[in-house]
Amino acid sequence: MFNALFTQLNSCLLCHNLTEQSLCSGCLHDLAAIYPSSQQQIRTPEAAWAHEWASANYVPPLPSALHAWKHGGKTQFSHLFQQIMLNNPPIWLREFEPDCVLAMPLSATRRNERGFNQCDELVDALHQHYGWRILPHHAVQRQHKAAQSTLNRAERLKNIQNSFTIHADVRDCNLLIIDDICTTGATLAELTRSLKAAGAAQIAMWVVARKM
């Protein structure tokens with residue numbers, strides 16, 4: 001009986017205490033402190049998208065957890081970032097109904113190096129919760145260039161130009177872009193520009209966290 005009960009417990013992703021879920025109740029409570037309210041949301045200047053939302057501020061423990069997830073092979077951390085998005089969704093979802101949801105694309109080279117696109121896992125969780133239609137990753141092709149995270153703001157703006165080719169028919173579609181982190185917004189802006197040029201209607205963006 002004891003062994004059967006014990007095998008149902010997991011180690012909390014953040015504090016490593018035993019818990020029935022991937023995150024213990026204490027850590028879930030603590031995470032709420034980094035969730036910005038609607039009044040605290042930062043509006044990107046001259047943004048081409050209609051709506052934007054960051055579910056959290058990019059502060060500890062998120063940087064180390066994101067690195068472990070994306071680069072350290074710790075795939076279980078997907079549960080942390082999925083939970084953050086589900087716990088603090090955009091208030092404008094009541095007025096914006098996406099026709100399709102798009103995970104921020106990776107280049108084929110980057111996807112092969114990493115073994116997965118972390119944003120696909122975010123979109124999968126949102127699809128299960130909201131039932132939204134997902135644009136497949138081959139719907140938008142991204143050129144392989146230097147990683148944005150290694151560049152300063154000016155370099156990011158130049159590096160990301162003309163990086164996306166739209167293969168899907170997105171004419172008159174309302175699209176929701178899902179990404180993990182927003183730093184300068186350069187990648188999201190370029191993807192939005194490309195989608196608009198392909199005929200997309202309204203575009204919204206939802207990220208796990210924004211760097212302050």
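This is a predicted model: local features need pLDDT of at least 70, side-chain atom pairs count only at pLDDT 80 or more; totals for chains, interfaces and linings use all residues.
Residues are numbered from 1 along each chain as its sequence is written, and side-chain values use heavy atoms, without hydrogens and water. Local features need pLDDT of at least 70, side-chain atom pairs count only at pLDDT 80 or more, and totals for chains, interfaces and linings use all residues.

The structure holds 1 cavity of 30 Å³ or more. A cavity is a set of points, on a 1 Å grid over the protein atoms alone, where a 1.4 Å probe fits but cannot get out. Volume is the space filled by probe spheres set on the points, which are joined across faces, edges and corners. The largest cavity contains about 30 Å³ of space. Its lining (residues with an atom within 4 Å of a point) consists of Pro 36, Gln 40, Gln 41, Ile 42, Ala 54, Asn 57, Arg 210 and Met 212. By class, the lining comprises 4 nonpolar, 3 polar and 1 charged residues. Here Ala, Val, Leu, Ile, Met, Phe, Trp, Tyr, Cys and Pro count as nonpolar, Asp, Glu, Lys and Arg as charged, and the others, Gly among them, as polar.

Helices (H or I, at least four residues) and strands (E, at least two) are DSSP runs, numbered from the N terminus. Helix α3 spans residues 62-71. Its buried residues (under 20% relative accessible area, 1.4 Å probe, protein chains only) are Leu 62, Ala 65, Leu 66, Ala 68, Trp 69 and Lys 70. They pack against the strands β3 (51-57), β7 (175-182) and β8 (203-210). The helices α4 (78-87), α5 (108-114) and α6 (118-130) are also packing partners. The loop between β3 and α3 holds Pro 61. A cis peptide bond, with omega about 10°, joins Pro 60 and Pro 61. Just after α3, Gly 73 adopts a positive phi of about 75°.

Ser 194 belongs to helix α8 (residues 186-197). The residue is buried, at 7% relative accessible area. Beyond its neighbours within four places in sequence, Ser 194 is in contact (heavy atoms within 4.5 Å) with Phe 164 and Ile 166.

Positive phi also occurs outside glycine. His 16 has phi near 70°. His 16 sits in the loop between β1 (10-11) and β2 (18-19). At 55% relative accessibility, His 16 is exposed, a class set at over 50%. Asn 162 has a positive phi of about 55°. The loop between α7 (153-159) and β6 (164-166) contains Asn 162. Asn 162 is exposed, with a relative accessible area of 52%.

Note on methods. On a 1 Å grid over the protein atoms alone, a cavity is a set of points where a 1.4 Å probe fits but cannot get out, and a pocket is an open set with protein on both sides within 12 Å along at least five of seven lines; lining residues have an atom within 4 Å of a point.
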